[in-house]
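Please keep the sequence and the 3D view open while reading.

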Amino acid sequence: MLMKRWAGLVAGLVMLAASVRGQMDDPFGVEASAVAGADGGRELVVRVTVPAGHYLYAKDLAVSVAGGTLIPLAVPKPKAKLDPFLEETVDVFAHDMELRYRLEAPVDAVVKVAYMGCSQQLCFMPQSREFRLGATGEVANSPAAAPPDAPAVSAPAADAGVFAGLRLAGREAGYMPAGDFLAFLQRVDAGQGMQRGRVEQIVDKHGLWIGVLAILLFGVMLNLTPCVLPMIPVNLAIIGAGAQAGSRQRGFLLGAVYGLAIALVYGALGLVVVLTGAQFGQLNASPWFNLGIAAL
């Protein structure tokens, strides 16, 4: 019976990881190339692939070129759709399409295509693709390299278009009273906002093992919070670590197994979240994900 329960738990975690991975993949395809126009000039051709059952928001589809201009020549018209997520009628593209522009830009211009789309079950994170174009044709079909003096961007590469031009000037975590927050803003203005965290400071000053002990101590202190403290006697009654345990050794063993199981489950879920990045939050819109959580 115990082996069956562990097998079911592992299978559920595998299904959860596969579901998360599926939400990370961008289902839309984008290609860009520069071609010779009929008048001898250059034209930009952007081909967008939209899978069946998916659509792109017309308001979020944007094509731009650095240091130049684009003159629309052939751009398809979107269609109105009642969006189940926004609960209003919006303009969308629900099929493959080709956009054509007159390209007036340097030979090695960088073209950026930004978009956001959804399926019938969930919406995907905003995306941004960049292409460095030659005289005619596309170079390597890969994101263009950032210039050496480009500002640091505190966002995943896929979201760089949303946060372009921003840099991380300060970092702090946890609740701060108004006075502490104003002091933090002053440190940011003075260029001292990127201070290391408290645990990092402990590791720097006292070493790795002291830092690990500090983390364990902070974890034990979480048991004193109003949410966790009432659960201690409940958990002890469930695992029988009190008088029903029979001996201290058996009580310790039951408690250790109980704690180890919790650590493994939450550790595995935490690993999934870390590996998938910020996109994990969008899974809350998926009924299949919620059904998997309910099954677990």
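Is the crossing of α3 and α4 right-handed or left-handed? The crossing is right-handed. The model behind this report is a predicted one.

## Helix packing

Two packed helices are described by the angle between their axes and the distance between the axes. Here the pair is α3, residues 198-206, and α4, residues 208-221. They pack at an angle of about 145°. Their axes are 7 Å apart.

On the α3 side, the contact involves Val199, Ile202, Val203 and His206. Their partners in α4 are Leu208, Ile210, Gly211, Ala214, Ile215 and Phe218. By class, the contact residues of α3 and α4 comprise 8 nonpolar and 2 polar, with no charged ones.

## Aromatic pairs

The whole structure holds 4 aromatic pairs. One of them joins phenylalanine 28 and tyrosine 115. The ring centres are 6.1 Å apart and the planes stand at 75°, so this pair is edge-to-face; the angle cut-off for that class is over 60 degrees. Phenylalanine 28 sits in the loop between α1 (2-24) and β1 (29-36), while tyrosine 115 belongs to strand β9 (residues 110-115). The pair therefore ties together parts that are 87 residues apart in sequence. Phenylalanine 28 is buried, at a relative accessible area of 3%. Tyrosine 115 is buried too, with a relative accessible area of 3%.

Phenylalanine 28 also pairs with phenylalanine 124. This pair is edge-to-face, with 6.1 Å from centre to centre and 90° between the planes. Phenylalanine 124 lies in the loop between β10 (117-118) and β11 (127-132), and phenylalanine 28 in the loop between α1 and β1, so the pair links parts 96 residues apart in sequence. Phenylalanine 124 has 9% relative accessibility and counts as buried. Through these ring pairs, Phe28, Tyr115 and Phe124 form a cluster.

## A lysine over a ring

Which residue lies over the face of tyrosine 57? Lysine 59 does, at 5.6 Å from the ring centre.

## Serine 33 in strand β1

Serine 33 is part of strand β1. Is serine 33 buried or exposed? Its relative accessible area is 13%, so serine 33 counts as buried; the cut-off is under 20%.

Valine 46 is 13 residues from serine 33 along the chain. The C-alpha atoms of serine 33 and valine 46 are separated by 6.7 Å.

Key. Residues numbered from 1 in each chain as written. Predicted model: local features only at pLDDT ≥ 70, side-chain atom pairs only at ≥ 80, totals over all residues. Heavy atoms only, no water. Phe/Tyr/Trp six-rings, centres within 6.5 Å; stacked < 30°, edge-to-face > 60°. Helix = DSSP H or I, 4+ residues; strand = E, 2+ residues; numbered from the N terminus. Buried < 20%, exposed > 50% of the residue type's maximum accessible area, 1.4 Å probe, protein only. Lys NZ or Arg CZ within 6 Å of the ring centre and 35° of its normal. Axes fitted to C-alpha atoms, helices over the stretch in contact; angles between N-to-C directions. Left-handed = near helix turned anticlockwise from the far one by under 90°. Contact = heavy atoms within 4.5 Å. Nonpolar A, V, L, I, M, F, W, Y, C, P; charged D, E, K, R; others polar.
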